[in-house]
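I opened this notebook to record what I looked up, entry by entry.

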Amino acid sequence: MAQVRVTVDGVNYADDVEPRMLLVQYLRERLGKTGTVVGCDTSNCGACTVHLNGQSVKSCSVLAVQADGAEVLTIEGLARDGELHPVQKAFNECHGLQCGYCTPGMIMAAVDLLGDNPDPDETEVREGIEGNLCRCTGYQNIVRSVQRAAQMMKPGASAPTESPAPVAGGN
Amino acid sequence: MIPAKFDYVRPSSVDEAVAALRDAGEDAKILAGGQSLLPVLRLRLAAPSTIIDLGGIADLRRIAEDGDRIAIGAMVPHHDVMRDDLVKQHVSLLSQATATVADPQVRHRGTLGGALAHADPAGDLGAVALALDAEFVIAGASGTRTVGASEFFVDYFTTAIGEGEILTQVRFPKYTGWASHYEKFNRTAQAWSMCAVAVALRIDGGSIAEARVGLTNMGTTPIRASGVEAALVGQQANEDSARAAAEHATEGTAAPSDADAAADYREHLARVLTGRAVLAAAG
């Protein structure tokens, strides 16, 4: 067993874990943070994306022990005081999901992207979420959601006024 | 799936890591960023008895100017390599190729040293290191040694790093002012290169004074396209010279045939991508 001390969504934890425990297992099975999901088990799909010290990572490809001393942010820690994060709001408004399974990872990847590039064009959004797969192929509205979130997060942006119309059956 | 059981060691210095490697014996595995190793462990394609995690060694995460070299610690993540000002200024080809590796999440964790030590022939950075004559600093029980890129890549997933040794730094000569481009071909997002071409040119008064060209996934190791280089030198950087030089792109290659592409298709790609890369580099 090895000890891991981490801050997850603002709360400190210290746990003994098997070295082989993956970060995503630790989050889900030990801490009960099931908002972060396991998709592909092969590091492709990005459904398990969380932030490790402020950067997006696939938590199925990080050992829990590698997160020792780090700060982890999951989809469950994005909302503040009951208020959804702008990226969460934008995915809701623009219907940036179909089955919803990829959504936690998509949102965490998008938050990282917008922190880095607050005003991405469509190509930059598509490249920024390259590590996340939507098996429903609902990328049209996901890209719109990220761009909508970018508008909402601009300094001085007021409450949402108009949303771009969601595209039915986007590909 | 989850990995098989292993012992975990997280040394805080290279000396400690070398000692841990010696103590653990031949069944140990070094963990850098883990973006290739962890999937392999999860699929149980490997089940090492001990994992030695280099993540706790701060010395391996630095990029520094060292005379006429840029020295990059083996544990510097791709994300940092591609954005580093020294790398952009002096080794722009590395910056460009690194930006095409996998996806943002993988680039946050995956490291330069890990990728090169893994030596996947479809990996993007080997061709760059080879074309640019990078040097590999390798630490072992009897101290450190330096290996040139032409000797580093030995075979499929095999490098000059010996048993009990650890790659600690990769040193690139400065190519300040050179034009460069990495042209990569794949079919889907975050996919490995089916074939890719790394080009750096020193252009003087419109003509190519020096050329360095490396190929990705055209053999069991990265390949230096010496024939292309020779054909480019002394030429004006234009479409005719690029196309003529590209005809030499498959010399010395042994392209694999696999589920992604047959060898003859890869050879076709190597010629086409070489032409594109030269023209893109020349701007």
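Which residues in α2(A) meet which residues in α5(A)? I found that Pro86(A), Val87(A), Lys89(A), Ala90(A), Phe91(A) and Glu93(A) in α2(A) meet Ser145(A), Arg148(A), Ala149(A), Met152(A) and Met153(A) in α5(A). Two residues are in contact if their C-beta atoms, placed from the backbone, lie within 7 Å. Helices (H or I, at least four residues) and strands (E, at least two) are DSSP runs, numbered from the N terminus.

I noted that this is a predicted model, in which local features need pLDDT of at least 70 and side-chain atom pairs count only at pLDDT 80 or more, while totals for chains, interfaces and linings use all residues. Residues are numbered from 1 along each chain as its sequence is written, and chains are lettered from A and ligands numbered from 1 in the order in which they are written.

**Entry: α2(A) and α5(A)**

I looked up the geometry of α2 (residues 86–93) and α5 (residues 139–153) of chain A: they pack at an angle of about 130°, with their axes 8 Å apart. Axes are lines fitted to C-alpha atoms, for helices over the stretch in contact, and angles run from 0 to 180 degrees between N-to-C directions. The angle therefore makes α2(A) oblique to α5(A) (under 35 degrees is roughly parallel, over 145 roughly antiparallel, 65 to 115 roughly perpendicular, and the rest oblique).

**Entry: α2(A) and α3(A)**

I then turned to α3(A), whose axis comes within 9 Å of that of α2(A) and crosses it at roughly 125°. These two helices are therefore oblique to each other. I listed Val87(A), Gln88(A) and Phe91(A) in α2(A) as meeting Thr103(A), Ile107(A), Ala110(A), Val111(A) and Leu114(A) in α3(A).

**Entry: the contact of the chains**

I read that 24 residues from chain A and 23 residues from chain B take part. On the side of chain A, β4 (55–58) and α3 (103–116) are the elements that give two or more residues. β4(A) gives the most, with 4 residues.

**Entry: the cores**

Which residues have the most contacts inside the largest nonpolar core? I found Val128(B), Leu132(B) and Ala198(B), in a core of 85 residues. A second, separate core of 49 residues includes Leu22(A), Cys45(A), Val62(A) and Val146(A). A nonpolar core is a set of buried Ala, Val, Leu, Ile, Met, Phe, Trp, Tyr and Cys residues joined through C-beta atoms within 7 Å; a residue is buried if 20 or more other C-beta atoms lie within 10 Å of its own, exposed if 12 or fewer, and partly exposed in between.
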